[in-house]
Amino acid sequence: MLDPISITVAIATAQAVVDQIKKAVALGKDVKSLYGQFSSFYSAADQVHTASVKARIASIQKSDSQINAEALKIAFASKELRDHERYLKDLLFMTGNAPVWEEMMAERVRMHKERSEVERVMTEQKQKDKEAAGDAFMNFLLFIAAIAMIVPIGSLAWEFLIKRG
């Protein structure tokens, strides 16, 4: 379930971080020294993203009005985060750090693709493990069935050979 307090806190955190960055730049601080603040901003943005994913999953059990309210809150939060991120991008460009932004975006894409690939491989491995467990169970059942057939037939054959002998 979407926690409105968490989203509000995450948005407030992102806003506070951007305000800190603005003040630091106004005081003449080097943008490169603000790595921690940039990191905090992206952590807050990730919390909003995570909450929106959870909201989509939990929306099955909600009324239309609850879904609409949450969707609106997420849309406003996303817009605010995009505006803040645009400010951070512009700040990096204005301070001569455009290559840092471009490298970060390329690295972000690369890391997302890498994570998706790892998740895909893990999902495939889980499926293979399930199939292997199913195969092992079926083999066990076939073994039991074979034993269930061999024992009575062997018993009958043994009785037949002993009585004939």
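Predicted model: local features only at pLDDT ≥ 70, side-chain atom pairs only at ≥ 80, totals over all residues.
Residues are numbered from 1 along each chain as its sequence is written, and side-chain values use heavy atoms, with hydrogens and water left out.

Let's start with the helices, which are DSSP runs of H or I, at least four residues, numbered from the N terminus. Helix α2 covers residues 35–58 and helix α3 residues 64–94, and they pack at about 155° with axes 11 Å apart. Those axes are lines fitted to C-alpha atoms over the stretch in contact, with angles from 0 to 180 degrees between N-to-C directions. So α2 and α3 are roughly antiparallel, the word for angles over 145 degrees.

Who touches whom? Contact means heavy atoms within 4.5 Å, and on the α2 side we find, among others, F38, F41 and Y42, while α3 brings residues including I74, L81 and L88.

Now the rings, which pair if their centres lie within 6.5 Å. There's one aromatic pair by that rule. The centres of F41 and Y42 are 5.1 Å apart and the planes sit at 80°, so we call the pair edge-to-face (planes over 60 degrees apart).

Is F41 buried or exposed? F41 has 1% relative accessibility, so it counts as buried, meaning under 20% relative accessible area with a 1.4 Å probe, protein chains only; exposed is over 50%, and partly exposed is in between.

Last stop: R120, in helix α4, residues 98–164. R120 has 38%, so it counts as partly exposed.

Notes: Helix = DSSP H or I, 4+ residues; strand = E, 2+ residues; numbered from the N terminus. Parallel < 35°, antiparallel > 145°, perpendicular 65-115°, else oblique. Phe/Tyr/Trp six-rings, centres within 6.5 Å; stacked < 30°, edge-to-face > 60°.
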